[in-house]
Amino acid sequence: MICRNCGTSNNDDAKFCTKCGETFDSKQINKPLGMKWFKFIIYIQLIMAFFLNLYSAYRLYSGEIYFDGTRYLVDQVYTVFPALRYIDMMFMIVSIGMAVLSIFVRQKLVKYRTNAVKLYLSFLILNGLISLLYCGTTSFATGINTFDVNVLRTVVQNLFLFFYSNDYFRKRKHLFVN
Ligand SMILES: [Zn+2]
């Protein structure tokens with residue numbers, strides 16, 4: 001009997017969970033745990049993360065993050081703030097790394113590896129941190145506040161995914177044993 005609330009293994013005839021006190025009824029025993037969110041993560045979210053990170057890398061490389069890549073305006077940005085060129089190249093490499101990592105994490109989840117959930121949760125935190133770090137370094141280098149609604153959205157999104165998935169996988173940790 002696996003507790004649906006905390007994932008602890010109990011005796012098959014247990015009436016309640018020895019760890020968290022969740023009561024077991026017959027309805028619950030017969031109802032399998034839903035895996036829709038897991039499927040969303042491995043078939044949509046992490047694959048999207050792969051392509052979005054590659055796209056970010058391209059935008060950083062080409063200068064499309066400034067004025068949609070209008071060449072003379074991009075060149076002006078880099079002339080006024082030469083440090084930005086180096087920061088952008090650094091974060092281009094980081095974005096490629098995150099693209100690779102998203103597939104790596106995905107494969108761990110697909111194979112139900114023991115550390116897969118921890119890895120996935122760390123990946124989400126890392127995503128939010130990188131966004132803040134880019135914002136911080138560019139603000140520092142230019143003296144212009146680059147914190148905007150996109151940065152906020154990225155951070156909030158990743159925090160939401162983190163807390164939601166943390167709770168979701170807590171109830172399914174008995175599945176990740178490979
Ligand atoms: Zn429990």
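**Helix questions**

Student: How far does helix α5 (residues 116–142) reach from its first C-alpha to its last?
Tutor: Helices here are DSSP runs (H or I, at least four residues; strands are E, at least two), numbered from the N terminus. α5 has 27 residues, and the expected span of a helix is 1.5 Å times one less than its number of residues. That gives an expected 39 Å for α5, and its reach comes close to this, at 39 Å.

Student: What kind of model is this?
Tutor: Residues are numbered from 1 along each chain as its sequence is written. Local features need pLDDT of at least 70, side-chain atom pairs count only at pLDDT 80 or more, and totals for chains, interfaces and linings use all residues, since the model is predicted.

Student: Okay, which helices do the buried residues of α5 pack against?
Tutor: A residue is buried if 20 or more other C-beta atoms lie within 10 Å of its own, exposed if 12 or fewer, and partly exposed in between, with C-beta atoms placed from the backbone. On α5 the buried ones include Y120, F123, N127 and Y134. Contact is judged on C-beta atoms too, placed from the backbone and lying within 7 Å of each other. By that test, the packing partners are α4 (82–110) and α6 (149–170).

Student: And which helices do the buried residues of α4 pack against?
Tutor: α4 has 29 residues and reaches 43 Å, close to the 42 Å expected. Its buried residues include F91, M98 and V105, but also the likes of D88, R106 and K108. The helices that they pack against are α2 (36–62) and α5.

Student: How do α4 and α5 run relative to each other, roughly parallel or roughly antiparallel?
Tutor: Their axes come within 10 Å and cross at roughly 170°. Axes are lines fitted to C-alpha atoms, for helices over the stretch in contact, and angles run from 0 to 180 degrees between N-to-C directions. Under 35 degrees counts as roughly parallel, over 145 as roughly antiparallel, 65 to 115 as roughly perpendicular and the rest as oblique. So α4 and α5 are roughly antiparallel.

Student: How many nonpolar residues does the contact of α4 with α5 have?
Tutor: Among the residues making it are F91, V94 and M98 of α4, and Y120, F123 and Y134 of α5. Ala, Val, Leu, Ile, Met, Phe, Trp, Tyr, Cys and Pro count as nonpolar, Asp, Glu, Lys and Arg as charged, and the others, Gly among them, as polar. Next to 5 polar and 1 charged, the nonpolar count is 16.

Student: Is V94 buried or partly exposed?
Tutor: V94 sits in helix α4. There are 18 other C-beta atoms within 10 Å, so V94 is partly exposed.

Student: What is the phi of Y112, roughly?
Tutor: You'll find Y112 in the loop between α4 and α5, just after α4. With 14 other C-beta atoms within 10 Å, Y112 is partly exposed. Although Y112 is not a glycine, its phi is positive, at about 55°.

Terms used:
Two residues are in contact if their C-beta atoms, placed from the backbone, lie within 7 Å.
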